[in-house]
Every structure is written in structure tokens, then in C-alpha cells.
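Colleague: I am new to this structure. Please show me how to read it, feature by feature.

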Amino acid sequence: MEIIIQPSADAASQIAARHIAKLVREKPHAVLGLATGSTPLGMYRELVRMHREQGLDFSSVTTFNLDEYVGLPAEHPASYHAFMGEHFFSQVNVAPDRIHIPDGTTRHVPAFCQRYEEMIREAGGIDLQVLGIGSDGHIGFNEPSSSLASRTRIKTLTAQTRQDNAPFFGKPEDVPLHVITMGVGTIMDARQILLLAFGEKKAQAIADAVEGPITAMNPASILQMHPVAKCIVDESAAARLKRLDYYRWVYDHKPDWQKL
Ligand code: F6R
């Protein structure tokens with residue numbers, strides 16, 4: 001895994017946005033795997049700015065979001081449909097028929113999940129998957145103990161995740177219990193991964209994911225097995241990494257052709 005440590009969440013978000021912009025310019029039909037939550041907000045802001053000021057064109061891009069709460073209609077303000085509309089899709093030119101977000105209101109969850117996997121395959125697979133990380137190491141909503149080979153399916157949130165996500169709902173009891181999420185195996189099939197983490201609340205999860213053993217108890221640790229995974233963190237999220245100096249050294253001494 002490549003570890004990129006930046007002085008601030010803003011600087012890290014700009015690097016993530018530049019990676020995505022580079023991919024979209026080189027491959028206008030790119031398939032992007034997208035995340036929600038507070039972490040990617042700065043990255044979406046930067047992509048919107050690039051679209052407005054530099055004409056970054058998303059018209060041929062296809063997107064698949066990681067997850068959605070079961071039971072929340074798209075119009076619910078805390079749904080991931082609403083989040084993506086507000087922070088990204090309403091402000092750039094992704095074609096509506098190329099946007100895919102799990103349907104939290106489906107009445108046939110297993111069939112829907114199977115179809116979601118098929119749609120990803122039919123689109124040619126995900127070129128780049130953006131990930132945040134839960135304070136318990138979850139990616140997507142694959143909570144600790146999730147199968148590291150799992151595919152899109154229903155999951156039950158931990159009490160910790162419901163607590164973490166309570167600000168979007170009011171109180172933890174209002175956070176839905178169930179979600180539909182891409183599996184860890186689905187995420188691992190993406191050709192590139194960008195894992196973003198900011199703030200000290202993520203420091204232990206990042207240390208375990210990057211330097212700990214690969215274990216279903218920290219699902220993000222499986223990214224150690226991914227051939228093209230970048231972990232972009234701010235100083236606080238990096239604070240518990242043991243080999244900080246080495247990661248900085250590697251990044252500062254990249255050959256010119258590898259720099260963005
Ligand atoms: C969101 C998602 C989650 C979040 C994680 C971190 O689509 O899949 O894994 O990335 O819960 O959330 P924030 O960024 O709000 O700390």
C-alpha cells in the first residue's frame with residue numbers, strides 16, 4: 001500500500017481529486033466507485049471546482065456507490081442518494097442513467113444485490129474505488145468480522161457505527177440498523193483504490209489497516225493485498241503509524257514520472 005501523508009484534510013482531498021481527474025481525462029468512460037460520509041466531502045468540492053473551472057468532463061463516466069441504508073427512500077435527507085445528489089451529482093455532468101447507488105427501499109434485497117454485482121461487471125468493473133474508513137476499520141459498511149471475500153449484500157451496523165453516524169440523523173437510535181453494501185471482495189476487484197482518512201478518530205483504524213495483520217476484525221487491512229491501493233491521510237490520522245518517516249521519505253523521493 002502506498003501511504004501518502006498530507007498536512008491537512010484539504011491537501012489530501014486535493015490529491016485524491018487530482019487522481020480521479022487524471023483517470024477521467026485519460027479514460028473518459030471510467031467507472032468510479034464512490035463513497036459518502038464526511039471524509040470525501042473535500043474531494044467532491046475539488047472535483048466540482050475542476051468541472052466548473054477546468055471543464056473536467058464526467059459525461060461518459062459511470063459511477064457505483066458503495067452503500068445505502070435499508071429503508072431510507074432516496075428523498076430522505078440522510079440517505080446516501082441525497083448526499084450524492086447534494087455534494088456531487090447535482091453539480092457536475094454525470095449522466096443520470098450512469099449513476100448507480102444501492103436501493104435502500106428494494107423489497108428483494110438478495111436479488112437487488114446480485115443485480116448490483118452484475119451491473120458492475122457489465123460496466124467493465126470499477127477502475128477506481130474511493131473509500132473512507134470507519135473508526136472500527138470498516139470499508140463500505142463491511143463491519144469487523146465481515147468476510148474478506150464478501151459481495152454486495154445486507155449488513156447490520158455496529159453500535160459504534162450508529163453512534164458515529166448519529167449526527168446525520170439526530171440520535172443513534174434513528175440510524176437504520178441495516179445497510180446494503182458492496183462486499184470486501186467487490187471492493188478488492190476495483191483496479192485502483194484510494195482510501196482516505198482524516199482526524200485522530202481514524203488513527204488507530206489506519207494503523208491497524210496499514211501495519212497490522214490482515215484480519216476480518218479490521219476489514220480495511222485486506223487492502224494490503226491490493227496491488228494498487230493508496231492510503232491518503234492527514235497528520236492526525238497518520239499519528240499512530242510506526243513507519244511514518246519511511247512513508248514520507250518514499251513520497252518525497254518519487255521518481256518524477258510517478259508524481260501527479
Ligand atoms: C460511506 C462508507 C463508510 C464511510 C465510513 C467513514 O459510503 O462506505 O465506510 O466511509 O463510515 O465515514 P466518515 O467519512 O463520515 O467518517
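Modeller: Start with charge. The protein chain has 26 positive and 30 negative side chains. The centres of the two sets lie 3 Å apart. Keep in mind that this is a predicted model.

Colleague: How many helices and strands are there in the protein chain?

Modeller: There are 9 helices and 10 strands.

Colleague: What radius of gyration would a compact globule have with 260 residues, and what does the protein chain have?

Modeller: The idea is to compare the chain with a rule for globules. A compact globule with 260 residues would have a radius near 18 Å. The protein chain has 17 Å, which agrees. For its extent, take the principal axes: the C-alpha trace spans about 50 × 40 × 35 Å.

Colleague: What share of the residues counts as buried?

Modeller: Of the 260 residues, 56% count as buried. The accessible surface comes to about 11700 Å². Carbon and sulfur atoms hold 52% of that surface. Now look at contacts with a separation of 6 or more: residues 24 or more positions apart account for 79% of them.

Colleague: Next, the sheet. What is the order of its strands?

Modeller: The order is β1-β10-β9-β6-β2-β3-β5. This is an open sheet of 7 strands, with parallel pairing. The edge strands are β1 (2–6) and β5 (99–100), and each pairs on one side only.

Colleague: Which strands does β3 pair with?

Modeller: Take β2 (residues 31–34) to begin with. It runs parallel to β3, and 4 bridges join the two. In this pair, Gly-33 stands opposite Phe-64 of β3. β3 also pairs with β5, in the parallel sense, over 2 bridges. There, Phe-64 stands opposite His-100 of β5.

Colleague: Which way do the side chains of β3 point?

Modeller: General idea: in a regular strand the side chains alternate between the two faces of the sheet. Here is the case in β3 (residues 62–65). Thr-62 and Phe-64 point one way. Thr-63 and Asn-65 point the other way. All four are buried.

Colleague: Now a helix. Which residues of α7 are buried?

Modeller: Helix α7 covers residues 203–211. Its buried residues are Ala-203, Ala-205, Ile-206, Ala-207, Ala-209 and Val-210. Their cover includes β1, β9 (192–197), β10 (229–234), α8 (235–238) and α9 (244–252).

Colleague: Is Met-84 buried or exposed?

Modeller: Use the cut-off: buried means under 20% relative accessible area. Met-84 has 0%, so it is buried. Met-84 is found in helix α3 (residues 80–87).

Colleague: What does Met-84 touch beyond four places away in sequence?

Modeller: Met-84 touches Leu-34, Ala-35, Thr-36, Tyr-44, Asn-65, Phe-89 and Ile-101. Look again at Tyr-44. It is 40 residues from Met-84 along the chain, yet their C-alpha atoms are separated by 9.4 Å.

Colleague: And the loops? Where is Asp-97 found?

Modeller: Asp-97 is in the loop between α3 and β5. Exposed means over 50% relative accessible area. Asp-97 has 66%, so it is exposed. Asp-97 and Thr-62 are 35 residues apart in sequence and 8.5 Å apart in space, C-alpha to C-alpha.

Colleague: What is the phi of Ser-145?

Modeller: Phi of Ser-145 is near 85 degrees. That is a positive value in a residue other than glycine. Ser-145 sits in the loop between β6 (128–131) and β7 (153–156). Its relative accessible area is 52%, so Ser-145 is exposed.

Conventions
Residues numbered from 1 in each chain as written. Predicted model: local features only at pLDDT ≥ 70, side-chain atom pairs only at ≥ 80, totals over all residues. Heavy atoms only, no water. Rg over C-alpha atoms; globule rule 2.2 N^0.38 Å. Buried < 20%, exposed > 50% of the residue type's maximum accessible area, 1.4 Å probe, protein only. Contact = heavy atoms within 4.5 Å. Areas by Shrake-Rupley, 256 points an atom, 1.4 Å probe, with all protein chains shown as cover. Lys, Arg positive; Asp, Glu negative; His and termini not counted. Charge placed at Lys NZ, Arg CZ, Asp CG, Glu CD. Pairing = 2+ DSSP bridges.
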